[in-house]
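Me: Could you take a close look at one part of this structure for me, the charged pairs and how they sit relative to the packing inside? I'd like one connected walk-through with the cut-offs spelled out.

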Amino acid sequence: MLKLNHLTGFGSGAGAAAGGDVTSYAFDGTGDYLSIPDHADWNLTGDHTIECFIRLPDVSAHDDMIYAQVLDGNNRRHLSITSDGTINYYCKESSTSLFQVYTGAGEISDNTWYHVAVVRDGDDYYTYVDGVSKSVSGSPDSSNPSGIAAPLRIGTYAAATEWLGGYIDELRVSDTCRYPDGTTFAPTTTQFVSDANTLLLIHGGEAKSGTTGSGATFTDSGNTGHTVTENGNAIESTGIYKL
């Protein structure tokens, strides 16, 4: 059984809402991630939303990668929390930086669940924390992303660095702007339900092929049914969860 030694101090339970699967995904920060094969769904050429609940034991330890599709240094899209608690969403294609939007430092603190969302709304990008727009700067380019031919990874940058050490619950990718105009909203208190705009949805408790924590695979709960593979010690957690 995996021992998440430096993920201690979270407390227990964390109060699942009615109807939840009382699970999240745990990453110990030393080589764990989820991988999903490259697909046109990840091109995100128009309005879109990437969101999840996240809880980190030690924000200052290192940069924590939530979502990354990386071919090389000149072709990459990623969403991360840096070691000073800044949320950063960035895309570069064919050596051109297409957009970067980020919050101020200190938005994320230790041992606390947060709902984090980044959206594209027309020509605008927003970053939300617990339903409040927190973007302080952005540099969108007039060019639209066309897509990066690389696997999607949750919890690492290119399976090589910026490992996430913590918990992710209710990760959802959508091909629509679910939270427009920077307007404050109330994050969900129940599990997300897949709809026609849901490209990827990971509750954590999906039925697994194999043993979780040992490279199990599963089909995500989204509209298109992508195969997700555990890598390293990424493991379903029933002790620490949000919904």
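Predicted model: local features only at pLDDT ≥ 70, side-chain atom pairs only at ≥ 80, totals over all residues.

Reply:

K134 forms a salt bridge with E107, and their closest N and O atoms are 3.8 Å apart. By salt bridge I mean a side-chain nitrogen of Lys or Arg within 4 Å of a carboxyl oxygen of Asp or Glu. K134 sits in the loop between β10 (132-133) and β11 (135-138), while E107 is in the loop between β7 (96-103) and β8 (114-121), so this pair ties together parts that are 27 residues apart in sequence. The strands here are DSSP runs (E, at least two residues), numbered from the N terminus. K134 is partly exposed at 28% relative accessible area, whereas E107 is buried at 18%.

Residues are numbered from 1 along each chain as its sequence is written, and side-chain values use heavy atoms, with hydrogens and water left out.

A search of the whole structure turns up four salt bridges. Another of them joins E51 and R172, with the closest N and O atoms 2.9 Å apart. This one links distant parts of the chain: E51 belongs to strand β3 (residues 48-55) and R172 to strand β13 (residues 165-174), 121 residues apart. E51 counts as buried at 1% relative accessibility, and R172 is buried too, at 7%.

Then there's R178 with D195, again with closest N and O atoms 2.9 Å apart. R178 and D195 both lie in the loop between β13 and β14 (198-202), so the pair ties together parts 17 residues apart in sequence. R178 is partly exposed at 22%, and D195 is partly exposed at 28%.

Now the packing. Take I54: leaving aside neighbours within four places in sequence, I54 is in contact (heavy atoms within 4.5 Å) with I66, I81, T112, W113, Y114, V116, L164, Y167 and I168.

Methods: Helix = DSSP H or I, 4+ residues; strand = E, 2+ residues; numbered from the N terminus. Buried < 20%, exposed > 50% of the residue type's maximum accessible area, 1.4 Å probe, protein only.
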